[in-house]
Amino acid sequence: MPEKYHIKTKPVPPRRPRIGKHGVVDWREDCARCHNCVKKACVYDRYRQEADYIRSMGEVEALFFDCMGCFSCVQDCTKGLLRLSINPEYERLGNRYWKPDIIKTTWLQAETAKIPVSGAGYRGPFSGHGFDAMWTDMSEIVRPTRDGIHGREYISTSVDIGRKLPFLTQNGNQLPPLVSLPMPLIIDLSSPAHTLPQVDPIVEHAAAATGIIALMDARYRPAKAEHLTNIAFYLSPDSPAVPDELLRKTRLVEIADGPAVAERIQALKRIHPEIVVAIRVELTNAGIGRAIELAGLPDVETIHVVADANGDELNASQPRFLKEMLRQIHTALIEKGGRDEITLMAGGGIALPEHMAKAIICGADLVTINLPLLIALECHLCASCKPGTTCPAKLENIDFSFGVGRMTNLIAAWHDQLIELMGAMGMREARRLRGDVGRAMFFEQLEEETFGKLYGTRTKP
Amino acid sequence: MAPERSLEQLLPEKTLKTRVPQEHVERLVRPAPSRYRNEIAKYLVHRGPECKRCGKCGEVCAHEVHVHLPGYKYYGEPRHHLCIGPSCENTDRYCVAQCPNGALQVRENPMYSVLGDCRWSSDLILATWKMAETGDVPPAAYDYNYETGNSGGGFDKLRFKFPKEPPVKLDASEIDTTVLLNKRGDGRPKIKIDVPWYGGGMSFGSVSNVTQLSKARAAVAFNTFTCTGEGGYMERMRPYDDHVITQVATGLFGVREETIQRVPIVEFKYAQGAKPGLGGHLLGDKNTIAVSRMREAVLGISLFSPFPFHSVYSIEDHMKHIDWIKHVNRRALISTKVSTPTDVDMVAVGSYSAGTHIVHIDGGYGGTGAAPDIAKKNIAMPIEYAIGKVHQFLAAEGVRDKVTLIASGGIRSAYDVAKAIALGADGVVIGTSEMVALGCVRCSRCESGRGCPRGIATTDPELAAKMEIDWGTQRLINMYSAWRKVLVGILQRLGVPSVAELRGRTDLMMHLDYTNS
């Protein structure tokens, strides 16, 4: 049996006090000292531990933040003094797209490297914006091609980046270079709102530890030369040239879109014929058309389409979401022919592991992320990473092994969850999942098939 | 159609010998107040120091909020959960207005918004508690919305179009809420349940034996069923054998020939709505001595059931499975529990052709004792879409009246039951609502550690002791009674005389997000 892709993980506890969803508000004035809450009500022993918390000052908040919100103490208190509330600090986490529960689950995965498991059914809305308006399919008893929970070791998440030949000929093709990644994930450049130079070496090591690739600014120099295979330089028009000897040790390079991309690619290939060149295309109104156009050029191998951090179309008053834009590009490429020949990477708005699977179903070969890895370092996404402001996660003096551990854990958890979804779908290969919308169900379509037929036209967008 | 045969003819001799006397449970509504000291309330009543203990509030209040126990100098803590809130202002019994000293205040409980979530709104939880306490529909004065949750789609956007006057005047006693579970006419017993729902499979391990027994006893009282789940068949369950479904799931935990022979229905669990395409999960913490013994597994390890049945890779294999059970238990009806993939309709028809009596579809938003969060949210379609799809496909194939279609996965109230039936199901399976009746607050902490902090979904002896069987039984009987009342009320208002005739009546509903033209 060949060696399996496996990420080594170990728990990395948070540096900062946890921010829980619930907090107990406790009015001690009339307390009867009955100790019901201490001895009986709280099965998590939070009240019993309270004294310890108070003794080690600075950790007092932990009492509130570890509350599981079971209401037992509230309901058992002899005098009815205890109240439960939603922690306002929790509600302030993130923003409208990166909701507090996304931040919380990312923290948990970065700490434990485990798939979050909980009891009780789904708690959220029926469907929602973007990726929440689709469900992945599952295999059922009548479908023979699937592999269950025991078949997971046979599920391959690896993908290839580069140009593929439409067919092979007998007289020996010169095969174009391919970059194989063990999972369909690339670490994107850090977003301009969250630029933290001290995080770059951590990203480099996390990419090396997980065997994936991190896109880095052309000015970045890796701490270890052997990590160059896990780094892809991003060459924008104004970035300085990367020394040829460094470029020759990398496998992938990304260039900004521009008028002379073909020449740029040829120039890079002259330096390092085995390198795969990706073109970064921003998903503005013109971006979709440009991505489709680029795919038709003979020199283009890989296109990296990027939406904004929330997965929305850039510079649009009524932005479309990444999911729709991907489907449009993917379908157009199929219609033009040659979809299989190029690689499509998609970034922006990939916040949860299910987004990775869903974006692939919508037509991407692989996805790129940046913010989830920052959140893994306990970032709150307050977007105030400027000198002179206080970072709530204290990212200015981040511990190196802590950072690498947390990022590695998160990537491992994402990988496991991708396998979980693929196992449920009955898919053995991430490569085969690409564009397979038959493995998904879309809200609009299900609504139309179910309620549209019965109750007329949908009035709500 | 072959006539029904008596148990003596149906049961193998050895089963008859091991059969224990069946226990009867009265279908009686009795008050079953919360087992907690402070019930969570929608409104808070605050008594200030201005109170001169004149007793006026106690006199005027129509809901017994203010208590002054004999022998006590001061008034006790107001019973907040009985207060109907500021809407009481419109009556002449509003304590705040009547208090001569201006000592009283009523305001919304800030904690109220902490309870619940999109699917189970705080109103829905409190209303279910009220039903479980009183056995009746919550009084209108409380203004609980127990019709819908806040999920913004599916059942929560469907409404019945109640006519001003029902087309037919029906007395509550005339309404038929029974459901026939065997429509095949294959000579197996024609089991009828009195209410169009039965209890979902919850294993010993995921829930405590007190919870399981309470469910079983309520099922006896309402002549319906409860299901063992995947964790084996508790001996203490045997006095209720006639109302138990033995589940045969992919892990085959605790399934023995004997436990299959005890019961009138055997359920194959191919998949579960909360974790479709994955097997059952019981995390190691909850695999206690008692659980591991019953499951014949190693103590303390996590028990993940495989997916799927590795002996079933086609409908023909499924048929072989069903034949095996039918052979082992000659009287059993077969239920096939599947989740809701895009081709759930094909699965249902395939399952029918393999010989199942009940097709049980479990939608993606169903309950669970433990499931990966990613699976709960993302895999398989919500039940609202699947019911109509399966119903219409079965009808198109001409077998709709040969098979019973049971829906589950997000049935939270009697309104959801009615909506599911109107979409095309014959009946439903409920799970989370029973847990809520027993005091669940949906904190989602059932999966690890000692399990449920409220003592429902736990196998920790100390936590399980928080609940008594009689109390649990009564809560469920009360909830069932209230649900039946609501359901009968819906049928009366629609002028539909029976649950069977409500099936597939999508014309009686409307969807708030559509033109409905």
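Where is Arg163(A) found in chain A? Arg163(A) sits in the loop that links β5 (159-162) to β6 (178-181), with helices (H or I, at least four residues) and strands (E, at least two) taken as DSSP runs and numbered from the N terminus. With a relative accessible area of 18%, Arg163(A) counts as buried; the cut-offs are under 20% for buried, over 50% for exposed and partly exposed in between, using a 1.4 Å probe and protein chains only. Between Arg163(A) and Ser118(A) there are 45 residues in sequence and 42 Å in space, C-alpha to C-alpha.

The model is predicted, so to speak of local features a pLDDT of at least 70 is needed, side-chain atom pairs count only at pLDDT 80 or more, and totals for chains, interfaces and linings use all residues. Residues are numbered from 1 along each chain as its sequence is written, chains are lettered from A and ligands numbered from 1 in the order in which they are written, and side-chain values use heavy atoms, with hydrogens and water left out.

On confidence, the model scores ipTM 0.93 and pTM 0.94. Mean pLDDT (the predictor's confidence in each residue, from 0 to 100) comes to 93 for chain B, where 99% of residues reach 70 or more. For chain A the mean is 89, and 93% of residues reach 70 or more. Within chain A, helix α3 (residues 62-65) has the lowest confidence, with a mean of 59, while strand β14 (residues 366-369) has the highest, at 98.

Helix α11 of chain A (residues 322-336) has 15 residues and should span 21 Å at 1.5 Å a residue, which agrees with the 21 Å between its end C-alpha atoms; the expected span is 1.5 Å times one less than the number of residues. Buried residues in α11(A) include Leu322(A), Met325(A), Leu326(A), Ile329(A) and Leu333(A). An α-helix has 3.6 residues a turn, so residues three or four places apart point the same way. Just past α11(A), Gly337(A) has a positive phi of about 85°.

The peptide bond from Phe307(B) to Pro308(B) is cis, with omega near -15°, and Pro308(B) lies in the loop between β11 (303-304) and α9 (315-328). Asn223(B) is not a glycine, yet its phi is positive, at about 45°. Asn223(B) belongs to the loop between α6 (209-221) and β7 (226-227) and is partly exposed, at 27% relative accessible area. Asn516(B), in the segment after β17 (509-511), also has a positive phi, near 55°, and is partly exposed at 29%.

Finally, the whole structure holds eight cavities of 30 Å³ or more. A cavity is a set of points on a 1 Å grid over the protein atoms alone where a 1.4 Å probe fits but cannot get out, and lining residues have an atom within 4 Å of a point. Grid points are joined across faces, edges and corners, and a volume is the space filled by probe spheres set on the points. The second largest cavity holds about 80 Å³. Of its 14 lining residues, Cys61(B), Val65(B), Cys83(B), Cys88(B) and Cys95(B) lie nearest the centre.

Technical notes:
On a 1 Å grid over the protein atoms alone, a cavity is a set of points where a 1.4 Å probe fits but cannot get out, and a pocket is an open set with protein on both sides within 12 Å along at least five of seven lines; lining residues have an atom within 4 Å of a point.
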